[in-house]
Amino acid sequence: MTCTDFLSKLTDYFDGQIPADLLVEVEEHLCGCHHCEVVLDTTRQTIAIYRDRDIYEFSPGMRERLHTAIMAKCTPKV
Amino acid sequence: MGGSIARRALCIYTKLGRLERGLLIQPSTFQFVCKLSMSATQTPITEEIHPDVALVARAKGGDTAAFEQLVRQYDRQIFRVAQHITQNREDAEDITQDAFLKAYEKLDQFQGNSKFSTWLVRIAVNESLMRLRKRKTSKTVSMDEDVQTEEGSIPRDFAEWRPNPEQLYGQSELADILRKTIQGLPPGFRTVFTLRDIENLSTEETAEALGLSVPAVKSRLLRARLQLRERLSRYFRQKKEA
């Protein structure tokens, strides 16, 4: 398996969707290729770092303002 | 022979290390595995009904308090999705409002084939993309158009992240870097990454929300992840060198 082959399997690898026989090849490649191991580890950290923190939060007062605006227009359905 | 055994042992050791560090397994996969392992020892339990189903039913029946509860549950998520796609705070606020109002108007059309939150995210994504298309300055906003650029998708930086980003930066500085980095992605990549990796939608749900095929989602997701990784690596290396 080449590094390009490994990269093309990266998404399936994260999702646990690689067939068992191919998984052995992927793991063997990882054991012998430090670059791909770093790419795997830092890509995993990239996903985690975005998933674990909310980089876009409501500013103070925005949430209540939004709720008021939304609910004011939600007339009860008959 | 001895070398081969040692190599195999090293592979197993590395593999275990990876599991220990926490491989990214989708919650759905995890639940599936749990269900499988439970099914061997327990009698099957009827599928649990999501609490949103009752809230949606009440809202459909005219109970605005039930709808308000749904707003409170999902407003952060909808705002985050809109902000990630449009990269504009005022647009994101408008889109959040419009998405909930549209959902309320069309509540009768929600059949419950998907989760309520997925249906809501889909509305917000459509509103966000419409908003982007209206901006004349935006270059690529069409989801069905293939994003050809490979720039940044081929790894060039192979430095390990040690010390890790949390050790290198304070919370607000790191959040600033993350915002700048994701802002630089083409909208097509950014949107797929947001839905799939930040909002945790499945590949199929992401494909459905964006009107893309599953292979197209996978391709964009791979390139988005690799581009983000490359850009963050550069930031972290510069900081370490400084």
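## Before you start

Two residues are in contact here when heavy atoms of each lie within 4.5 Å. This is a predicted model, in which local features need pLDDT of at least 70 and side-chain atom pairs count only at pLDDT 80 or more, while totals for chains, interfaces and linings use all residues. Residues are numbered from 1 along each chain as its sequence is written, chains are lettered from A and ligands numbered from 1 in the order in which they are written, and side-chain values use heavy atoms, with hydrogens and water left out.

## Chain B at a glance

Let's begin with the overall make-up of chain B. Chain B has 11 helices and 0 strands; helices (H or I, at least four residues) and strands (E, at least two) are DSSP runs, numbered from the N terminus. Of its 242 residues, 45% are buried, where buried means under 20% relative accessible area, exposed over 50%, and partly exposed in between (1.4 Å probe, protein chains only).

Chain B exposes about 13300 Å², and carbon and sulfur atoms supply 53% of that area; accessible areas come from the Shrake-Rupley method with a 1.4 Å probe, and for residues only the protein chains shown count as cover. Among contacts in chain B between residues at least 6 apart in sequence, 70% join residues at least 24 apart.

## Aromatic pairs

A pair of aromatic rings is described by the distance of the centres and the angle of the planes. Rings of Phe, Tyr and Trp (its six-membered ring) pair if their centres lie within 6.5 Å; planes under 30 degrees apart count as stacked, over 60 as edge-to-face and the rest as tilted. Over all chains, a search of the whole structure finds 10 aromatic pairs. In one of them, the ring centres of Y50(A) and F193(B) are 5.5 Å apart and the planes stand at 85 degrees, so this pair is edge-to-face. The pair crosses between chains, joining helix 4 (residues 34-51) of chain A to helix 9 (residues 187-198) of chain B. Y50(A) is buried at 2% relative accessible area, and F193(B) is buried at 0%.

Now for a pair inside chain B: the rings of W161(B) and F236(B) have centres 4.8 Å apart and planes at 90 degrees, so they too are edge-to-face. W161(B) sits in the loop between helix 6 (116-134) and helix 7 (165-168), and F236(B) in helix 11 (residues 214-241), so the pair ties together parts 75 residues apart in sequence. W161(B) is buried with 5% relative accessible area, and F236(B) with 2%. Elsewhere, Y74(B), F110(B), F116(B) and W119(B) form one aromatic cluster.

## T46(A) and its contacts in chain B

Which residues does T46(A) contact, leaving aside neighbours within four places in sequence? They are W161(B), R225(B), L228(B), R229(B) and L232(B). T46(A) belongs to helix 4 of chain A and is buried, at 1% relative accessibility.

Is R190(B) buried or exposed? At 6% relative accessibility, R190(B) counts as buried. Not counting residues up to four places away in sequence, R190(B) touches H84(B), I85(B), Q87(B), I182(B), Q183(B) and L185(B). The C-alpha atoms of R190(B) and S128(B) are separated by 12 Å, and the two residues are 62 apart along the chain.
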